[in-house]
Amino acid sequence: MSNLNPTPEISVVMITMNEEGAVALVIEQIKKVVPEAEILIVDSSKDRTAEIAESLGARVIKQFPPRGYGRAMELALRSATGKVVVTLDCDNTYPAEIIPELAGEVLDGHQDIVDASRLESKPQSMPMINYLANAGFAVIATVLFGRRLTDLHSGMRAYRKTMIDEMKFDASGPALPVDLLLIPIKLGYKVGNRFISYRDRIGESTMDPLPSAWWTLKRVLRTRFISKGQFKASVS
């Protein structure tokens, strides 16, 4: 008997908070390039974001009241059912058209994670203070981890799902993407990089830069100097 609900090759996951102005556009872009992918959204909106997403076929998990980006992203990553999980911001800043390329590198076994870096040069859409902070933290991480890193905070990456299941990370506090890049490096997974274009966002940003900067430094140092075993999930 054929499997009526086969495991999807790709899950595309997003965290949303009041993104009704962009969610339909982003979902349509995803469906255009990976029509068979699972689209999973963890939503903490007060507007019609969840309703619009569900009407377009997305699977929506409500997280209300909001528990923060990190908790929402952990829920999305661990709830995804695809063999590869591609993260994406739901504000139209990232190029959905490269999802097949990123996912393909993981599906064919070349990489366990592919980071879609925004910082080959300064994006026109990124404020200078944000660019300098991102570039500065990337330099610190490059020195500490002994390999070139350019974008610790990219919201677009492809992860092998079994790798996510094998990892333990702290989802509390800002800057979780830092851990989701550096822990795989620490554990010896295959980590690739692709430079991408980065567009102006639709809607207002809710990021608070000062806590994010503190947590970025904290995550970089913690990941570098804590033993590998602290980042491996327990096997029952």
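This is a predicted model: local features need pLDDT of at least 70, side-chain atom pairs count only at pLDDT 80 or more; totals for chains, interfaces and linings use all residues.

Residues are numbered from 1 along each chain as its sequence is written, and side-chain values use heavy atoms, with hydrogens and water left out. Helices (H or I, at least four residues) and strands (E, at least two) are DSSP runs, numbered from the N terminus.

- Helix H7 is largely enclosed by the rest of the structure, because 11 of its 11 residues are buried; buried means under 20% relative accessible area, exposed over 50%, and partly exposed in between (1.4 Å probe, protein chains only).
- The buried residues of H7 include the charged Asp179 and Lys186, where Asp, Glu, Lys and Arg count as charged, Ala, Val, Leu, Ile, Met, Phe, Trp, Tyr, Cys and Pro as nonpolar, and the others, Gly among them, as polar.
- Two packed helices are described by the angle between their axes and the distance between the axes.
- The axes of H3 (residues 69-79) and H7 (residues 176-186) come within 9 Å and cross at roughly 45°; axes are lines fitted to C-alpha atoms, for helices over the stretch in contact, and angles run from 0 to 180 degrees between N-to-C directions.
- H3 and H7 are therefore oblique to each other, on a scale where angles under 35 degrees count as roughly parallel, over 145 as roughly antiparallel, 65 to 115 as roughly perpendicular and the rest as oblique.
- On the H3 side, Tyr69, Gly70, Met73, Glu74 and Leu77 meet Leu176, Pro177 and Leu180 of H7, contact meaning heavy atoms within 4.5 Å.
- The residues of this contact divide into 6 nonpolar, 1 polar and 1 charged.

**Nonpolar cores**

- The largest nonpolar core has 37 residues, and those with the most contacts inside it are Val13, Leu77, Leu149, Leu152, Met167, Leu180 and Leu182; such a core is a set of buried Ala, Val, Leu, Ile, Met, Phe, Trp, Tyr and Cys residues joined through side-chain atoms within 4.5 Å.
- Among the elements that give two or more residues to this core are strands E1 (10-16) and E2 (38-43) and helices H3, H5 and H7.
- H7 gives the most to this core, with 7 residues.
- Leu180 touches Met73, Leu77, Ile113, Arg157, Tyr159, Met167 and Phe169, leaving out residues up to four places away in sequence.
- A second, separate core of 33 residues includes Ile30, Ile39, Tyr94 and Val114.

**Ser154**

- Ser154 sits in the loop between helix H5 (128-145) and strand E6 (157-160), and is buried at a relative accessible area of 2%.
- Beyond its neighbours within four places in sequence, Ser154 is in contact with Tyr94, Asp115, Ala116, Arg118 and Pro177.

**Thr93**

- Thr93 belongs to the loop between strand E4 (84-87) and helix H4 (99-107), and counts as buried at 1% relative accessibility.
- The side chains of Thr93 and Asp91 make a polar contact (2.5 Å).
- Apart from neighbours within four places in sequence, Thr93 is in contact with Ser197, Tyr198, Arg199, Asp200 and Arg201.
- The C-alpha atoms of Thr93 and Ile202 are separated by 7.7 Å, although the two residues are 109 residues apart along the chain.

**Backbone geometry**

- Most residues other than glycine have a negative phi, and most peptide bonds are trans.
- The peptide bond from Phe64 to Pro65 is cis, with omega near 5°, and Pro65 lies in the loop between strand E3 (59-62) and H3.
- Asn18 is not a glycine but has a positive phi of about 60°; Asn18 lies in the loop between E1 and helix H1 (23-33) and counts as partly exposed at 41% relative accessibility.
- Ala175 has a positive phi near 70°, lies in the loop between H6 and H7, and is buried at 7% relative accessible area.
- Gly188, which follows H7, has a positive phi near 85°.

Terms used:
A polar contact is a pair of N or O atoms within 3.5 Å; within protein, one must be able to donate a hydrogen and the other to accept it, and residues adjacent in sequence count only if both atoms are side-chain atoms.
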